[in-house]
Structures are given as C-alpha cells and as structure tokens.
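Notebook open, structure loaded. I'm jotting down what I look up as I go.

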Amino acid sequence: MNWKNILSLMQVERKSSRLIRGQKITRYRENRFLAYWPYWVALVIGLASGVLAGIIYNFATTAEPELLIMFQNGTVRLFFSSLPTLVLVYSLVFTMMQQIRLSGVKTSSQVPYWLPVTWQEHTMASILASLLGFPLASVIFITSIIIVFSLFIGQVVAALLTSLAVLAAAFMASAATEILRILQVRFIGAVYKSSGRAAVWVRFAGSLIFFIVFYIGYFYVTSGGAVNVIQTIASAQTATWFIPFVWLGIALHSFTISGLLLQGFIFTGLSVIFIVGLFFSATLLNKRFGLYEPPAITVSRGVYAPKTGFLGKIGFSSVEAALIRKDLRAFTRRRELMTIFIVPIVVILVPLMQSIGQGEAMPAQAFMLFLGITFLFPASIMAMSLGSFMIGEEGQSVWRIYASPIFAKSLVKSKYFFIIFFSLIVLAITGILGWVIYQPTLRATIVACFEAVFLAMAVGTISLSIGISGADFTEAPRPRMIRPSSSFINLLACLLASIAILTPFFPYILSSIMSEVFPGLAGITLDPFLALGVSGIIAVVLTVFFYRIAIKNAEELLLKAEI
Amino acid sequence: MSEVFAVELKNVVKRYNEILAVDQVDLRIRKGEIFGLLGPNGSGKSTTLKMLIGLVQNDSGSVNVLGVEVKTDPVAVKQQVGYVPESPRLYEFLTGIEYLDFIGDVFGMQTEEKKTRITEYLKALQLEGREGDMITGYSDGMKQKITLISAFLHKPKLLILDEPLSALDPRSARIVKDFLHQLKTQGVTTIMSTHVLEIAQAVCDRIGIMYQGKILALGNMNELRDMAKLPDSGLEDIFLKLTGTDDIRAVVEELAK
C-alpha cells in the first residue's frame, strides 16, 4: 500500500468541507492551522480536562482517602476498559451519519477510480476519511484526557493501552460502515431492479424505516446518559464475548483489571484478525461492487398523458401547481430531503416510548406535556424544517427557477402551500395517535389541534422568509439548503413566535395549577377558548407579516438570480 | 428600441468583485438572426448571455431583449426566451417526461399542445422509451437533449444557447443545427456560444468575438476575414489571430521538449 496515495485521497475528503464553510473561492490560500481546528481544539480541551480532572482527583483523594482506595480497586480501569466499545458505538453512529449525508451527492463521494490507486489504498483512504471530523476529534479528546489523567493516578500503561484500543475501535467502526455502505448500494440497486415502477415508493418507505430505526437506536443508546451507557457496555461486553466488536474491550479488561494475560493476548490477537478481516472484506467488496451504479429508476412506461390537475381546480395557476408537484416529487424521491419527515416522527416516538409503560401513574403535568408535545411539536417542527429548506432544496437546479417566468408571489404561494399541506398531514397523523394514546377531552383536542394549526401557519411563514433570504444552493459535498447563521436566526425567531402565540395560554395554565393547589380558587379557571382566540389573532398577524416579508425576499432572490 | 433588433446591449458593464467580466459592451442582434458569440475561456460570453435573461444583473448600461428592459421586467423576457445554460443542472429526481411537463406548465402551455410537442421532440431526439426514467440515470448527452427540448418547447422568440451541442451524438447535433435554421425562417432569433468554431461557421449568420470582456470583432465571415486580414481562412485562424492567441506553434514546440 502506498500511504502517500492514501493521505492524498484523505486530503481531498478533508478539503471538501471548504465548500460547506463558504470560503472565498478566488485567490484561496489554506491556513493549515485553521484547517485542522477541530482536532487542535479537541486536543487542547482534552489536555486541559485531563489536568483539571487530575487536580480534582488530587484534592479529593487528599480530603477523602477512601476515594483513593476506590480508584486503586479498579474503578478507573473498568472505565478505561469500556471506552473502546463506547468509541466503537459512537464512531459507528457518526461514520454512518457521514455516509448518509454523502449519499445524496454521488459526484463528491466518488473517488477518482481512473487514477493509479489500488483498491486497498482506496478502501483504506475511504475508511480513514470517514473518521475525519467528529469521530476523529472525539478520539483525540478521549485519548488526550485519559493519558493526562493517568499521570495523576499512576495508570499510564492502562491509559496507553486504552488509547491504542480506542484508535483501533474507531477504525473498526469505520471499516464496518464502509462494508455496510457498499452492501447498501448493491442491495438498493437489486431492490430497484426487482421493484420496477414501484421503486420510488420502495425507496421512500425503505429510507423512512431505516432512518427511524437508526435514530430510535441512537436515542435509545444516548438517552440513558453517558454513565449508564458505560455501565451497560462494561457489563454487556463480557456477556457478549462472542461478538467480535467487543473483543478489544475484553482484551483491555483482561490486561488491566482481571490480570488474565493469556486471555488478553488471545482477544488482542482475535481483534487484530477481525480488524484485518474487516479491511480485506471491505477491499474485496469495493473491488466487486465499487464501480456499481444502481440501475436507472423507471417511474412510468405508459403513454404520456398530462393531468389537468386537482391543484388547478382549487385556484392555483399552472406555474404554482407545477412547482408544488415538482416539490412533492423532490420530497418523496430525494434521500436527503426524506430526513425532514423523520424529525417529527422521532420527536413523537421518543416521548411516546418513554410514556408507554408509565400507564395511569403519569402525573397530570406530564400528561399535559406529552399531549402538548404530540399535538403541537411535530406539525410546527415540520413547518419550520420545510420552510427553511423549501428554497435551498432547489440546489444548483435553481437556475431553472431563475430562467423561468415565475413571479415572487407564485413562488411563495406554492412553497407555503406545500409547507402547510405537509404540516397538516403530520398534525392529522400525530393528532390521531395522541388522541388514541392519551385520550384527552374533546375540548382539549379541539384547542390543541387549532393551536397546532396556528403555530404551523406562523412558523411556516417565518421559516420560509428566512429560508429564502438565507438560501444556500451548495450541493457538494452535501446539500446545505440554508446558511448556518440563517438557520440559527430561524430557530430563534420560531421559538420567540411560538412563545408569543402560546402566551395567551399561560394565564389559563396558571389558573389550572392554582385551582389544583388552592381548591378554593377552582371556580376562577379561565376559558381556554378565549386564550385560543387571542392566540389565533397573534398567529394570523405574524403569518401575514412574515408572508409579506417572504414575498419581498423572493423578489430580491429572483432579481439577484445568481447561483 | 428598434423593431428590427431582438437584442440590444448599450455600454454594458459587469464586475465580479475585482474581475471585470464584461467591459462596456455594445451589441445589436437582429430578429431572425443566428448569432454566434465566441471567445476564449473567461472572456465574458456566459456572463453576457446570462445578462440577457436576467440571471446576472448588469452593473451599468442597458440590456434590452425583445423590446423589454431586462432589469425592469425580467419575467416578461423569460416568458419569450428559451435558455440552455453552459452546464445545466436538471431536477435529477424527476423523470424526463415529468421535467418537460413541469417546463410546459411553468410556461403556461395548454395540455394538448404540450403533449404533442413533448412527444414530437422526444421522438426526434431519440429519447422515446427512456422518458419515464429518472434523469439521474441519464447520460450527459441525454440530459443535454432534455435541456434543449425544454428550451424549444414553448416556442420562444429568442433562443439563448450556451454550448448547445456539447455531448450530443452526431445525428442529434445535426437535427438541432437544421432546426435552428428552420426556426430562423419563422423569425426566431438564436444567440449561441460555442467553442466548436466549425459549428459557429456553419450555423451563424454573424459572429461576435469576445476577449477580456470586450467585443473584439463583429460581423459575418467575410467581414471577419477582412478584419483579420486573412482572406481565405477559416474561423479558427481568424479567431486565433484576433484574440492574439496564434502562438500555437511556439507553445506546441515548447511542450514537446
């Protein structure tokens, strides 16, 4: 293997982030220090945290000698031994996330196969490049903190072994991701081929299921907090010794805690064999399927028959209806846009998972909270996400909008309809789910539904107006859709608007709580419908105001018309 | 603006920060004319073409297209123009037919007319049978055909074509060239930019050569020959002489060392 080739290929991947950061293109000169800032920052924070932890340890053990005994009994080494598996889990999640992001941009993720680079070099570069960014920064942080801390507690050998194991675990995770990536491309290709005209919908459903399972798994792993995760991993890795991914952790445990050197060497050897096996499997798969292109998806084969269209009948012009239809296809066919549908689903599923099993024991406040989350959040989040992405999702194809006879009003109208349409669908689904699970009163259901509509209306226009002015049409290395600063402003503006719209309910909530605390005040509970009315007025005012701003921003966008 | 001219540029300037892309350009293109805009890379051709459809705003001067000042009413201009950009990015998630259907709707075409024309164009450019595939699965040539069809579809009065024949197979390229001549007889104006000088020589009535943001030479082939003082030469020699890039032999000899 030519490591110079590998490093060159990795540099290409690293430099791809320049486009994301939107640096100036002409007379570009790279600042080497700034280019590697995440790793420097991770290193500095890691070293500082290690020193801080060491100082605290010194103080604590001086004050409480029992702590010293506890540390010497192996608590730290137990923690160390769980780190490789912890890093493996996180690296798997983040390298897979990286691949998911890249999957939408075929051109940027394709290595130049026509160069004199062997498959081993290409595979190694791809595995290492997947670690760039957060996974590598976290490995640097972890290794630097434990090495420095180990100097204070006299566990340098354990810390060095752990650091090596952590690096190996990260590589293992990335190699596994590489294998999954290649298999996924091949598998999806086979599915497209066999599903024929239904391929679009198979892909849509498949992607939704994949993302939901992925995110629920992610939240399941992380929601218990880092300590729980470490405890679970530490206990699980000995019970699951037959899984090769935990062999590194077992080896480390054998060396540093149980003192079973032979077992340690065996598991170290097995780990090395497994890592080499993963690498060669990835290389073989790349060799076999690396150049594989999924077959073209055929959507229709019949005689072309343009539809008169339902949208035209309900008052949309042909331009507006065409834009809406086009966007509908974009959101059901572009993988990176499908993730927008995942957010509300995950938002509703996570509290649902937490609430199920609590049954009738759930306190009234928690019940209200879950009900509010189920009814209000998903539709609003959908409106916010869609609104901020609706223009930026055009990507480099936005020239088609610029070059077509489209007025700003039509553009905003079609995009806003799309936002509200999908938000209402989400509301309908989550509303039915919430009603079935929580069985609220009819009055509470009506109020929650109307309030969700008000929020979606206002948040939709705010996000759309900010999404237009902050649109980012960059597509490589991944679609951006909105500038980070605009995204932040949007989040803030939506939050403030939501508070303003929900404000009329605060006296109602307060009066409800007061009547519970002081039964004598029960009679003065405020009417929620009054709050709903005031809330509706605020929402309408905000909607109209930001809709006008959206039109103004769209006029500027079309006038500027530069990609 | 005169009834005679489809396009009229007066003293047009466009800067990209410190780079002067278009430098005080004056240009008039007659209705029904096929006009070729040539020039080395970075000479300002694409910027000039983009200004004609409002994709780039001129810093000063006036850009008048089909009697409309582009800055004042860009939508009215776009309604009458068919545009093929230098490197078109299509909606890759749509099928070919869906994309053309979208274009037809955006230009307000009637359903039957849209269907007839789309079917005709797909047949002429041999895309029949692949129109139901997603564009992401198309070759570059097929994507170019879809882009060309989308420019012709709504019967525009002015065609602005930036490298229109790139990636096309010989048959399709010939169809497009002949079709442009056919459209000329119907009064359609075509402005095209190309690096293939044989195409420009064969297709265009007049040619403008841009260099460093300025129109260096303008006229039909005979007028260009006179300007370059190369009476029996082809466009390639004229182009190289006028743009001062005729040091080919020296460069090749240097490279061969």
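In what order do the six strands of the open sheet in chain B run? I read the order as S6-S7-S8-S3-S9-S10 (chain B), with mixed pairing.

Housekeeping before I go on. This is a predicted model, where local features need pLDDT of at least 70, side-chain atom pairs count only at pLDDT 80 or more, and totals for chains, interfaces and linings use all residues. Residues are numbered from 1 along each chain as its sequence is written, while chains are lettered from A and ligands numbered from 1 in the order in which they are written.

**Six-stranded sheet, chain B**

My helices (H or I, at least four residues) and strands (E, at least two) are DSSP runs numbered from the N terminus, and I call two strands paired if DSSP finds at least two bridges between them. I looked at the edges of this sheet: S6 (81-84) and S10 of chain B sit there with a single partner strand each, so one side of each has no neighbour in the sheet. The twist averages 15 degrees from one strand to the next; axes here are lines fitted to C-alpha atoms (for helices, over the stretch in contact), and angles run from 0 to 180 degrees between N-to-C directions.

I then checked two pairs. S7(B) (residues 158-162) and S8(B) (residues 189-193) are parallel and joined by five bridges, with Leu159(B) opposite Thr190(B). Helix H5 (residues 140-152) of chain B packs on the sheet, where it touches S6 and S7 of chain B, and its direction makes about 170 degrees with that of S6(B). For contact I use C-beta atoms, placed from the backbone, within 7 Å.

S9(B) (residues 206-211) and S10(B) (residues 214-219) are antiparallel over five bridges, and Met210(B) stands opposite Ile215(B). Their hairpin has two residues between the strands, and Gln212(B) takes a positive phi near 50 degrees.

**Four-stranded sheet, chain B**

I found an open antiparallel sheet in the order S2-S1-S4-S5 (chain B). S1(B) (residues 5-16) is joined to S2(B) (residues 19-30) by eight bridges and to S4(B) (residues 60-65) by five. The S1(B)-S2(B) hairpin has two residues between its strands, with Asn17(B) in the turn at a positive phi of about 50 degrees.

Buried means 20 or more other C-beta atoms within 10 Å of a residue's own, exposed means 12 or fewer, and partly exposed is in between, with C-beta atoms placed from the backbone. The core has 145 residues, and Ile160(B) is one of those that touch the most other members. Helix H21 (residues 442-469) of chain A gives the largest share, 13 residues.

Which residues does Ile160(B) contact, leaving aside neighbours within four places in sequence? I get Leu49(B), Leu52(B), Ile53(B), Val81(B), Tyr83(B) and Ile191(B).

**Chain contact**

The contact takes 34 residues from chain B and 30 residues from chain A. On the side of chain B that touches chain A, H3(B) gives the largest share, six residues.

How values were computed
Contact = placed C-beta atoms within 7 Å. Core = buried A, V, L, I, M, F, W, Y, C linked by C-beta atoms within 7 Å.
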